Amino acid sequence: MNNILITGGAGYLGSHACLNLLEAGYGIYIVDSLENSSFESISRVNRFFKEKNKFADNKIKFFKADITNFEKLKIIFEHALCNNQKIIAVLHFAGLKAVSESEENPIKYWEYNVSGSINLFKVMELYDCKNIVFSSSAAVYGNNQNCPIKEDSSLIPSNVYGKTKKTIEEILTDLHFRKNWGVAILRYFNPVGAHHSGIIGENPISNKNNLFPIICEVAKDNNKKLNIFGKDWPTRDGTCLRDYVHVEDIIDGHEKALRLLLNSKHNLIKVNLGTGKGTTVLELINTFKKVNDIKIEYEFSERRIGDCGVLFADSRLSNSILNWKARKTLDDICRDGWRWGLKNPYGYIKNLEELDLSIYCEI
Ligand code: UDP
């Protein structure tokens, strides 16, 4: 069996990747610090998979550790070797991702995102694991780009978060050219929505800043109102425009990139994961209201500092290199995101269901 390590595997994207790769037949090792995520996501993924595959053995092994911890990462790779299960590739999601926090606390972001990644790469080198799919971001392009943004645009990130992602991209590019690593750098636009089953979804523990989880929050609580930041942007209705991609599509892009790396000797892939279409804040709200038949109260406020008006991808390169295309519509995004919100009004935190500890490995 092909074994893959997923860093940040209990998080929003990581847990969806875990379910997707399980269904595709991979064995999964997960490392996650659980600081911004919950073990319950993985417990649910395992249960869900086992309900559908009654006689399957456990294919997930979960390790609670921080990627900045060299010794613990080594133990995970060692554990795999001892079980004759070499880890052949890494999906690297672990990282801090709040833009405003990165501006307030740059050292924390450089240390966790960049030092943590270097630490991971050192251990990968030690265990001869030379394939990696990296979660990068449209933040590497910065705010002053012409849209749709192409991959060969100059990278001028506007915030510390984007700078850390750009730096990790550079390190990985060196590892490709100097050490023959297979590297897939996936630059996400705005991942949103939830798994169609409603069992896993986005569960921001702190820093609820992103639009989609806030829409869900306002939909749940009649006393809340959404603040729309600015109504004088140069867009069709004056509100900001972004490229929203269903989380299942984003993860499908990872699976395709992984397959490409594993099937070809060495490779370097740098692609956008976006739909190529922009949606304004008002359009997203109106779609959410329409498909879920629910009220969303909102009001306008000042522009948010650091925002840009228009950001959407040129998606042609990922279409041609990965044979990837976002399949889910904005309606699917709103429907699936709300299903998750309704089924899990408190996220994972206050659910009292029993955890599946059979996959939890103490280190
Ligand atoms: N936004 C908003 N109100 C909020 C949160 C976000 O109007 O409470 C807007 C924000 O100005 C941006 C868009 O929604 O134009 C998407 O914001 P998000 O933080 O989700 O993504 P990013 O700006 O990082 O692309």
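I began with helix H3 (residues 70–82): its 13 residues, at 1.5 Å each, should span 18 Å, and its end C-alpha atoms are 18 Å apart, which agrees. The expected span is 1.5 Å times one less than the number of residues. Helices (H or I, at least four residues) and strands (E, at least two) are DSSP runs numbered from the N terminus.

I noted that the model is predicted, with local features requiring pLDDT of at least 70, side-chain atom pairs pLDDT 80 or more, and totals for chains, interfaces and linings using all residues. Residue numbers start from 1 along each chain as its sequence is written.

I then looked up burial in H3 and found Leu73, Ile76 and Ala80 buried (20 or more other C-beta atoms, placed from the backbone, within 10 Å of the residue's own; exposed means 12 or fewer). They cover an arc of only 55° around the axis, and therefore lie on the same side of H3; the arc is taken from the directions from the helix axis to the C-beta atoms. The face turned away from this side carries the exposed residues Glu71, Leu81 and Cys82.

I checked the packing partners of the buried H3 residues: strands E1 (3–7), E2 (27–32), E3 (60–64) and E4 (87–92), and helix H5 (106–126). Contact here means C-beta atoms, placed from the backbone, within 7 Å. Asparagine 84, which follows H3, has a positive phi, near 55°.

Finally, I examined the ligand, which 14 residues surround, the closest being Asn210, Leu211, Ile228, Phe229 and Cys240 (C-beta atom, placed from the backbone, within 6 Å). Strand E8 (226–229) and helix H7 (211–220) each supply at least two shell residues, and E8 gives the most, with four.

Terms used
Two residues are in contact if their C-beta atoms, placed from the backbone, lie within 7 Å.
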